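Student: Please take me through this structure by question and answer, giving the criterion behind each term.

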Amino acid sequence: MSRTIQGYAVVFNSESEDMGFIEIIHPEAITEDTIKNSDVFALFNHSDDRPLARSKNGEGGLSLEIDEKGLKYTFEAPNTTVGNDLLELVGNGVIDKSSFAFTVPEDGDEWELHGDMLVRHIYKINKLYDVSPVLVPAYQETSCTTLDNEYEKMLEEIDS
């Protein structure tokens with residue numbers, strides 16, 4: 001059984017859930033420089049006391065990759081209570097989404113009123129703090145899976 005956890009913490013151009021406003025992360029918001037200037041932890045449900053992996057200035061056991069879809073993360077679940085719990089919950093589908101924590105510079109976002117909904121467009125993220133497999137994501141388009149689950153899904157698609 002694979003201990004590899006992967007997912008998309010950010011999916012570009014997708015709308016968040018209603019958080020009192022809607023948020024959209026644009027593709028230019030996260031760059032390789034953002035990753036190299038950040039100390040990013042993979043945390044279970046954003047909990048500082050439940051660390052899983054780390055990318056310090058782009059180096060470490062947490063791999064962060066930007067592609068046309070968004071910000072993808074990959075790490076090996078540690079052989080700890082937290083890591084084993086996460087594998088079980090992702091493996092049985094209880095956790096299948098992700099989230100992230102970040103800061104935006106003063107000129108990194110714009111707000112607009114769209115009908116009666118406030119929309120925040122994020123064009124620049126200056127620091128990432130965590131990518132987290134979570135129970136309740138702000139963005140439904142995110143993902144979290146094990147390498148085994150991803151492989152099974154690909155086989156099912158080929159069979160259908």
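Student: Which residues does Ser 14 touch, not counting residues up to four places away in sequence?

Tutor: The model is predicted: local features require pLDDT of at least 70 and side-chain atom pairs pLDDT 80 or more, whereas totals for chains, interfaces and linings use all residues. Numbering runs from 1 along each chain as its sequence is written, and side-chain values use heavy atoms, without hydrogens or water. With contact defined as heavy atoms within 4.5 Å, Ser 14 touches Glu 23, Ile 24, Ile 25, Tyr 139 and Glu 141.

Student: Is Ser 14 buried or exposed?

Tutor: Ser 14 is found in the loop between strand 1 (4–11) and strand 2; helices (DSSP H or I, at least four residues) and strands (E, at least two) are numbered from the N terminus. Buried means under 20% relative accessible area, exposed over 50% and partly exposed in between, with a 1.4 Å probe and protein chains only. The relative accessible area of Ser 14 is 8%, so the residue is buried.

Student: How far is the backbone oxygen of Val 11 from a polar atom of the Ser 14 side chain?

Tutor: A polar contact is a pair of N or O atoms within 3.5 Å; within protein, one must be able to donate a hydrogen and the other to accept it, and residues adjacent in sequence count only if both atoms are side-chain atoms. The separation between the Val 11 oxygen and the Ser 14 side-chain atom is 2.8 Å.

Student: Which residues of strand 9 stand opposite Ile 22 and Glu 23?

Tutor: Strand 2 (residues 22–25) pairs with strand 9 (residues 117–122) in the parallel sense over four bridges; pairing requires at least two DSSP bridges. Both faces of strand 2 are covered, with Ile 22 and Ile 24 buried on one side and Glu 23 and Ile 25 buried on the other. Opposite Ile 22 is Val 119, and opposite Glu 23 is Arg 120.

Student: Which strands stand at the edges of the open sheet?

Tutor: Three strands form this sheet in the order 2-9-8, with mixed pairing. Each edge strand has a single partner strand, so one side of each lacks a neighbour in the sheet; the edges are strand 2 and strand 8 (109–114).

Student: Why is the pair of Phe 21 and Trp 111 edge-to-face?

Tutor: The search of the whole structure finds three aromatic pairs, for which ring centres of Phe, Tyr or Trp (its six-membered ring) lie within 6.5 Å; planes under 30 degrees apart count as stacked, over 60 as edge-to-face and the rest as tilted. Phe 21, in the loop between strand 1 and strand 2, and Trp 111, in strand 8, are 90 residues apart. Their centres are 5.1 Å apart, and the pair is edge-to-face because the planes stand at 65°.
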